[in-house]
Amino acid sequence: RVAPVAAAEWASAASNETDAAKRLELLCATLDSIETNASDSAKALAACIHVADVSLGDVWSEARRACARGVAKVPLASTDRARLAAHFGEQLDALGENDDWRRYDGLCRALEQLVTRGSVSIVREAHIVARKALSHEQPTVRQAAARVMASADASLLETISMEREAWLREKGIDR
């Protein structure tokens, strides 16, 4: 069994571990530790963010998936779960065309897991997914974005559609 790493040290530990399988094992141990010790929701939220900011962009898709599942399983207060979704949405919104597609994929996977496992409403975040990831050139990103959208309910999709149309009108984009 691998000993977990303190979340604040995750960036260093992850970059020092070059073996992907060992990094995945360390990631899972660290996320399990965060989940087990999540009595303080605000501290658990901060720990999730420390780990996710590194591992949602991992080169290995299995690490991205494990991170997304792991942070969604952490028992956070509903307000902190919403903050985590907002953080992922902001991260996704800040990405540009030249940013690594793996980061797009990881953030979409995390949002999907928060919706399906964590019962989080992601109106604003889903709008960002629709705008930034559904049309991404990388098929893996488009698939992850489609799963986020599919995990949202019909009323959310209607809201997103209206917000997207308003955004397009505001930008002067004809459809």
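Below, two colleagues talk through a predicted model.

Biologist: What should I know about the model before we start?
Modeller: It is predicted, so local features need pLDDT of at least 70 and side-chain atom pairs count only at pLDDT 80 or more, while totals for chains, interfaces and linings use all residues. Residues are numbered from 1 along each chain as its sequence is written, and side-chain values use heavy atoms, with hydrogens and water left out.

Biologist: Where is S41?
Modeller: S41 is in helix α3, residues 41-55. Helices here are DSSP runs of H or I with at least four residues, strands are runs of E with at least two, and both are numbered from the N terminus.

Biologist: Is S41 buried or exposed?
Modeller: S41 counts as buried because its relative accessibility is 15%. Buried means under 20% relative accessible area, exposed means over 50%, and partly exposed is in between, using a 1.4 Å probe and protein chains only.

Biologist: Which residues is S41 in contact with?
Modeller: Setting aside neighbours within four places in sequence, they are L76, A77 and D80. Contact means heavy atoms within 4.5 Å.

Biologist: What polar contact does the side chain of S41 make with a side chain?
Modeller: One with the side chain of D80, at 2.5 Å. A polar atom of the S41 side chain also lies 2.8 Å from the backbone nitrogen of A77. A polar contact is a pair of N or O atoms within 3.5 Å; within protein, one must be able to donate a hydrogen and the other to accept it, and residues adjacent in sequence count only if both atoms are side-chain atoms.

Biologist: New topic. How many disulfides are there?
Modeller: Zero in the whole structure. A disulfide is a pair of cysteine sulfur atoms within 2.5 Å.

Biologist: Why is helix α7 described as largely enclosed?
Modeller: Because seven of its 10 residues, in the run 123-132, are buried. Among the buried residues are E125, H127 and K132.

Biologist: What does E163 touch?
Modeller: E163 touches V123 and H127, not counting residues up to four places away in sequence. E163 lies in helix α9, residues 154-171, and is partly exposed at 32%.
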